[in-house]
Amino acid sequence: MELVLKLRQGEVCDVQANIKEPVKLLKKIRPRNIDQGRGIIAELLLHLAISYRDTKIPTNVDHLQRILSDALDHLPRFLQSLDVLIERNEAAALVQAVFHLRSNLFSSILTSQDPSLDSPVPSRVLAVLSALELAQLKAISESDSSFKKRIEALHDVTLLITHLPRTSPGWRWIGEAQVRFSRLNQRTSPEVLSELIALDALSPSVSMLRLVALNGQQPPEHQPPVTISQLIASERISGLREFITKYADTIISELVAQAVKLDESADVVLMATKAIKDNEKLARRYFTLTSCSFPALDDLDPHLWDSAMRANRITDRVGALKSYEAQRPRTGDNLKDEIDERAIRIILSDYATQDAETLGRALWTGKEEDERLQEWIATESNLDDEAVLALTSTMVITASEILTDAVSDSRLRLLAQHGRLELCESIWTVLAERDFTALASYVGCQWNDVRLTELESRIDFPLATRLYLVGAMPIDDALRVFAVMGEDLLNEKEEVLGHLAEQATKAGMAFQIGLAELASKKLQSGTYEKKWTMSLLVQAMPVISWPVASVALIALGGDLARLAEGRSVEIPHTDGVPRLLNALKDRGFASSSSPGKNGTKVNMRRKLGDQMRT
């Protein structure tokens with residue numbers, strides 16, 4: 001009776017007030033006696049909710065409606081009553097009554113009264129999910145978009161894992177609604193995490209991944225970025241590989257969003273990138289944040305090759321270069337192919353340049369595949385000369401088809417100059433038609449293989465001249481080659497004949513008769529540089545006539561000029577003089593010679609002097 005009097009007098013009673021006979025109580029009070037939150041008493045709510053649920057024609061519904069309509073205005077009191085019933089495991093009827101009469105209360109029931117927690121009370125979540133049927137839970141989530149989010153914000157799901165049966169409507173709704181718990185606290189055990197993964201109820205967010213990575217340990221002061229390697233190493237949590245595979249795109253997006261380097265193993269990166277191979281952009285972003293190396297480029301999906309090559313992450317560098325070059329599109333009418341090829345060429349060139357010497361020693365196999373690489377090197381403008389020479393240090397280009405107009409003149413000359421082109425008729429022909437300078441370098445650097453072969457017969461006067469003047473053709477070979485050049489030696493401007501005479505004379509060699517006759521004609525013409533006079537005279541001596549020889553002697557001047565008069569003259573020993581004097585004697589123009597006081601005393605034949613005077 002005391003409780004009745006208090007309610008009638010408008011007093012507020014304790015939510016845990018003991019009501020032994022709630023039926024009698026309700027007969028003595030009217031709804032207005034329990035308004036303004038005064039009817040929010042646990043025992044009274046329990047009796048009214050059970051009556052509403054279990055009676056075909058429930059009584060006192062107006063009392064229950066009155067109490068529930070005041071619940072929002074007196075929420076702390078209502079939640080206290082609910083918590084009392086939850087603690088006694090008697091809250092199911094009240095939850096059902098709320099669903100039928102005031103379903104908008106659920107958002108408040110699942111909202112923490114402590115702003116610092118920002119998470120629903122686990123026991124209340126358990127009470128709601130335990131009491132409602134699947135259809136009811138669906139109806140609430142459809143009418144209140146925040147319902148699912150409030151459940152997902154739960155910090156501690158231990159009660160759900162331990163007290164909510166796996167076959168219950170609550171778990172069925174969690175699965176169908178795709179509830180993913182995303183704000184679990186660090187006290188969540190590996191066992192609970194394993195259960196959530198098995199139930200597909202764990203959010204693959206970075207905060208949850210970090211929790212998984214802790215593997216039940218306390219977080220360090222400075223926790224490193226989360227990686228897939230860490231997740232897989234969390235041996236106390238089961239089902240992780242399947243979880244990672246299922247949510248690969250989301251998980252890797254979360255990891256990438258950390259925007260830091262990820263310490264992953266090669267096996268993990270391969271697994272992860274293959275799991276998201278359809279999301280090429282994400283795969284590239286993830287790949288670039290890792291730094292591990294891979295045995296072969298072919299181990300990776302092709303859309304990662306650019307990144308792998310740029311970062312030099314392949315152990316088999318030779319294989320990587322070949323594989324990457326092999327996928328280079330050939331330039332054609334397709335604009336995309338042209339753009340792709342240009343990009344690939346730049347990456348390929350940078351990669352090859354980094355370690356060109358090592359690559360050059362290992363690239364070449366002697367197989368057909370070599371030609372494709374040779375064609376790339378020969379035509380690649382992004383490679384500098386040093387890199388080209390290093391890459392080709394152990395090979396020669398054998399196919400003349402490679403030497404198209406795509407090979408620049410400067411690159412052609414470089415390859416020719418350094419012996420990177422095989423000595424053969426087809427390449428010789430290409431160079432002869434394309435670039436004289438390259439041809440001269442090509443023949444010159446391989447002269448020992450050209451001399452005394454059929455290829456030597458292909459050398460014309462301009463090429464022979466270049467080879468000789470640049471020192472590629474030694475004097476003995478030059479004498480042989482030029483011996484068949486004939487009158488060209490008289491008409492050319494570079495005075496090869498004079499050079500030949502001087503070098504042959506110094507080497508103690510003699511012109512063949514044909515060359516000697518040309519030297520004589522040269523002296524007779526007077527169209528030569530005076531510095532060649534003595535050498536030309538020495539080499540022409542076997543065939544030269546005295547009138548021509550005497551003019552040459554006069555041109556030499558000094559004591560040598562006096563020899564033209566047919567006198568006995570002592571000639572000082574200056575450069576080349578002994579050779580000339582011996583030649584005069586061998587020819588019969590000098591009768592004898594003997595050592596003099598300051599040189600050599602030469603006796604010319606007197607009849608020669610008479611010829612000069614007449």
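Predicted model: local features only at pLDDT ≥ 70, side-chain atom pairs only at ≥ 80, totals over all residues.

Visitor: What is the geometry of the pair formed by Phe 461 and Phe 482?
Guide: The ring centres sit 5.9 Å apart, inside the 6.5 Å cut-off for a pair. Planes over 60 degrees apart count as edge-to-face. Here the planes are at 80 degrees, so the pair is edge-to-face.

Visitor: How many residues apart in sequence are the parts that this pair ties together?
Guide: Phe 461 belongs to helix α30 (residues 461-469), while Phe 482 belongs to helix α31 (residues 475-482). The pair therefore ties together parts whose separation in sequence is 21 residues.

Visitor: Which residues do ring pairs link into a cluster?
Guide: Tyr 468 also pairs edge-to-face with Phe 482, at 6.0 Å centre to centre and 75 degrees between the planes. Tyr 468 is in helix α30 and is 14 residues from Phe 482 in helix α31. Tyr 468 is buried too. The cluster is made up of Phe 461, Tyr 468 and Phe 482.

Visitor: On to the strands: which residue in β3 is the bridge partner of Ala 590?
Guide: Strand β2 (residues 590-595) pairs with β3 in the antiparallel sense over 5 bridges. A hairpin through 3 residues joins β2 to β3. In β3, Ala 590 has as its bridge partner Met 604.

Visitor: And which one is the partner of Pro 572 in β3?
Guide: Strand β1 (residues 568-572) runs antiparallel to β3 (residues 599-604), with 5 bridges joining them. For Pro 572, the bridge partner in β3 is Gly 599.

Notes:
Residues numbered from 1 in each chain as written. Heavy atoms only, no water. Pairing = 2+ DSSP bridges. Helix = DSSP H or I, 4+ residues; strand = E, 2+ residues; numbered from the N terminus. Phe/Tyr/Trp six-rings, centres within 6.5 Å; stacked < 30°, edge-to-face > 60°. Buried < 20%, exposed > 50% of the residue type's maximum accessible area, 1.4 Å probe, protein only.
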